[in-house]
Amino acid sequence: MPIPVQTVCPECGDTKALDQINDEQKQFLLESTSYHELYTELCHLKTIDQILRRFPGTKNRLIVSKTKRIGDGHDDPEAVKQIIRDSPGLHDFLAKSSFLFSARFPAVAKAVGQTEGNVQDGIMKCERCGHQYLILPFDYYMACG
Ligand SMILES: [Zn+2]
């Protein structure tokens, strides 16, 4: 990890550069960062799940590209579009990723459940928020290799 180690709070956006950091803290930041990516994805997947429950017959192109099928039942194209518009980051997520929803949703939920405790009660917390775990900024994380 390049020193100083960069951290960011995903809640308030507070950033810090740390010169003094031990291996346990470095390990935590790597784990919390990958956890946070999965957690963000799980939020999107839950929204997709809600759309499919309310509008099982949706023909929305972005949704159907992940379910690979059009279901039977109620559809409201405008309402589906509105939910996607109102969910920050969801449109980009749907447009830029490729997966099968029925397989991805349980896999991500399981992975989040497995690391949740370690990260939520973790050793690196935001001094401003108090309870919120810290992560590595995306560019810095990528530079860690
Ligand atoms: Zn914070």
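Among contacts in the chain between residues at least 6 apart in sequence, what percentage join residues at least 24 apart? In this predicted model, the share is 61%, where two residues are in contact if their C-beta atoms, placed from the backbone, lie within 7 Å. Local features were taken at a pLDDT of at least 70 and side-chain atom pairs at pLDDT 80 or more, while totals for chains, interfaces and linings use all residues. Residues are numbered from 1 along each chain as its sequence is written.

The secondary structure comprises six helices and two strands, defined as DSSP runs (H or I of at least four residues for helices, E of at least two for strands) and numbered from the N terminus. Along the sequence these elements follow the pattern β-β-α-α-α-α-α-α, and the C-alpha atoms fill a box of roughly 55 × 25 × 25 Å along the principal axes. The mean pLDDT, the predictor's confidence in each residue on a scale from 0 to 100, is 95 for the chain, with 99% of the residues reaching 70 or more. Confidence is lowest in helix H6 (residues 138-143), at a mean of 90, and highest in H3, at 98.

Strands S1 (residues 5-8) and S2 (residues 15-18) run antiparallel and are joined by four bridges, pairing being assigned if DSSP finds at least two bridges between two strands. Across this pair, Thr7 stands opposite Lys16 and Val8 stands opposite Thr15. Six residues lie between the strands of the hairpin, in which Gly13 takes a positive phi near 80 degrees.

Buried residues (20 or more other C-beta atoms within 10 Å of their own, against 12 or fewer for exposed residues and values in between for partly exposed ones, with C-beta atoms placed from the backbone) make up 21% of the 145 residues.

Helix H5 (residues 101-120) contains 20 residues and reaches 26 Å from its first C-alpha to its last, close to the 28 Å expected from 1.5 Å times one less than its number of residues. A bend of about 35 degrees occurs in H5 at Gln114, the bend being the angle between axes fitted to the seven residues ending there and the seven starting there. The buried residues of H5 are Phe105, Val108 and Val119, and they pack against helix H1 (23-54).

Lys68 is placed in the loop between helix H2 (61-67) and helix H3 (77-86), and this residue counts as exposed because it has 9 C-beta neighbours inside 10 Å. The C-alpha atoms of Lys68 and Ala95, which are 27 residues apart along the chain, are separated by 15 Å.
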